[in-house]
Amino acid sequence: MKILAIETSCDETAIALAECSKNKFKILANELNSQVKTHKRFGGVVPNLAKREHQRNLVPLLINALKKTRLLNLKFKIQNSKGQTKIQKIDKILEREPELFIQVKKFLVKYQKPKIDAVAITYGPGLDPALWTGINFAKTLACFWKLPLIRVNHMEGHFFSFLLSLKKEVPKFYILNSIFPVIALLASGGHTEFVYSPSLLKYKLIGETLDDAAGEAFDKGARLLKLSYPGGPELSKLAEKGNPKAFNFPRPMINSQNLNFSFSGLKTALLYKIQSLRTLNVQNIAASYQQAIIDTLVSKTIKAVKKCRPKSLILGGGVANNELLRKTLKEKIKKDFPKIKLFLPKKKFTTDNASMIALAGYFHLLKKEFIKPEKLSSKANLRWQRSKNFQGD
Ligand code: KG4
Ligand code: ZN
């Protein structure tokens with residue numbers, strides 16, 4: 001079967017098509033449009049601009065994905081009046097996305113229903129205006145084509161992204177028989193959390209940041225150092241050339257017993273440091289600041305491992321792109337917990353993409369966790385999956 005997946009929770013518009021069967025998961029198309037240029041001059045993501053960009057990009061990306069997979073076919077006949085009525089029905093769903101509606105209408109009039117079996121959509125968490133553009137788009141397609149709709153938690157996508165990296169095709173679901181219980185450190189621009197998973201699709205949130213996320217600490221630190229947006233990768237690149245011991249930044253909450261984080265004080269410490277120095281060695285500052293974030297993440301991860309004694313450890317989210325974090329975790333786990341399997345996603349799957357949503361969506365589909373698109377509430381609680389699954393049993 002084929003799953004179409006849509007992700008618009010932040011500033012990446014992403015569409016993927018995946019072929020799934022019992023033992024196989026193959027990405028047929030992985031389309032991505034990054035809005036870095038749009039948000040750069042504001043130094044961060046502007047939700048309404050993200051919404052505008054998603055409206056513009058969704059249909060072209062869908063067309064690309066369908067073209068690449070040879071699933072895009074012109075209709076034989078011009079739409080009859082019955083078809084027009086069907087289109088009128090969907091204009092209600094997209095009433096808050098007028099620009100997208102025009103494109104969707106043209107698309108649905110022109111092209112046949114592609115041979116796909118379900119639509120998976122990121123249903124939260126994320127930036128509301130951005131998120132809802134994707135949700136309404138997915139709902140429209142699923143309603144029009146009469147397909148089941150699968151709601152996916154964005155962080156769950158990050159959780160599974162390591163599976164996308166196990167070679168090109170992933171007939172590797174057998175691996176899922178042996179990895180649980182798992183702890184995942186999911187660190188992105190909006191979230192930093194520990195998830196304990198005793199078995200497939202069962203989650204318990206066991207720790208999270210009380211204020212800024214780790215990616216946010218990188219981004220805000222980068223802004224203070226006047227680096228260009230997005231700051232995380234820029235700051236870590238600069239850090240490669242610096243001395244991580246040059247400055248001693250705090251390691252917040254490193255000695256607390258719980259598995260929570262707090263990164264907001266760190267950026268304040270950086271601000272004071274910058275103000276107190278007459279000359280700035282930005283490389284040294286970046287390296288020391290990065291070291292403080294990574295030490296905190298790694299030390300809390302070790303605490304989580306000691307507490308929960310999992311079989312495996314998963315790293316996911318944009319910050320999993322950070323080389324120092326990957327290297328330090330690898331070394332630490334190998335040395336102190338050699339029996340624990342560590343799964344790292346390939347760098348290209350660490351940041352937001354729709355393939356991870358297709359994959360998580362497929363697992364939900366197998367468990368018959370999908371709905372008729374008409375049943376999707378327009379006032380849904382975006383944290384539903386988190387309270388149902390992530391707070392767990
Ligand atoms: O998961 P993601 O793509 O989007 C969200 O769901 O937030 O994560 C983006 C975050 C940004 O804060 C970005 O600065 C950070 O991941 N990031 C990095 C690196 N690459 C991306 N942080 C540190 N080092 C990196 N190499
Ligand atoms: Zn993300």
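Predicted model: local features only at pLDDT ≥ 70, side-chain atom pairs only at ≥ 80, totals over all residues.
Before you start clicking: residues are numbered from 1 along each chain as its sequence is written, and chains are lettered from A and ligands numbered from 1 in the order in which they are written. Local features need pLDDT of at least 70, side-chain atom pairs count only at pLDDT 80 or more, totals for chains, interfaces and linings use all residues, and side-chain values use heavy atoms, with hydrogens and water left out.

**Stop 1: the sheet.** Switch to cartoon and find the open sheet of five strands, ordered β3-β2-β1-β4-β5 with mixed pairing. Strands here are DSSP E runs of at least two residues, helices are H or I runs of at least four, and both are numbered from the N terminus; two strands pair if DSSP finds at least two bridges between them. Select 24-34 (β3) and 149-153 (β5): these are the edges, each with a single partner strand, so one side of each has no neighbour in the sheet. From one strand to the next, the twist averages 20 degrees.

Now select 2-7 and 118-124. These are β1 and β4, which run parallel and are joined by four bridges; Ile6 has Ile121 as its bridge partner in β4.

**Stop 2: the helices on it.** Angles run from 0 to 180 degrees between N-to-C directions, using axes fitted to C-alpha atoms, for helices over the stretch in contact. Contact means heavy atoms within 4.5 Å.

**Stop 3: Glu7.** Zoom in on Glu7, in strand β1. Is Glu7 buried or exposed? With 0% relative accessibility, Glu7 counts as buried (under 20% relative accessible area; exposed is over 50%, partly exposed in between; 1.4 Å probe, protein chains only). Show its side-chain polar contacts: one to the side chain of Ser9 at 2.6 Å and one to that of Thr122 at 2.7 Å. A polar contact is a pair of N or O atoms within 3.5 Å; within protein, one must be able to donate a hydrogen and the other to accept it, and residues adjacent in sequence count only if both atoms are side-chain atoms. Glu7 also touches residues including His154, Asp352 and Ile357.

**Stop 4: the cores.** Select Phe249, Phe263, Tyr289, Ile293, Leu297 and Leu325, which touch the most other members of the largest nonpolar core, 43 residues in total. Such a core is a set of buried Ala, Val, Leu, Ile, Met, Phe, Trp, Tyr and Cys residues joined through side-chain atoms within 4.5 Å. Helix α11 gives the largest share, 12 residues. Finish at a second, separate core of 42 residues, with Leu58, Leu61, Ile63 and Val119 among them.

Key: Lists of a residue's contacts leave out its neighbours within four places in sequence.
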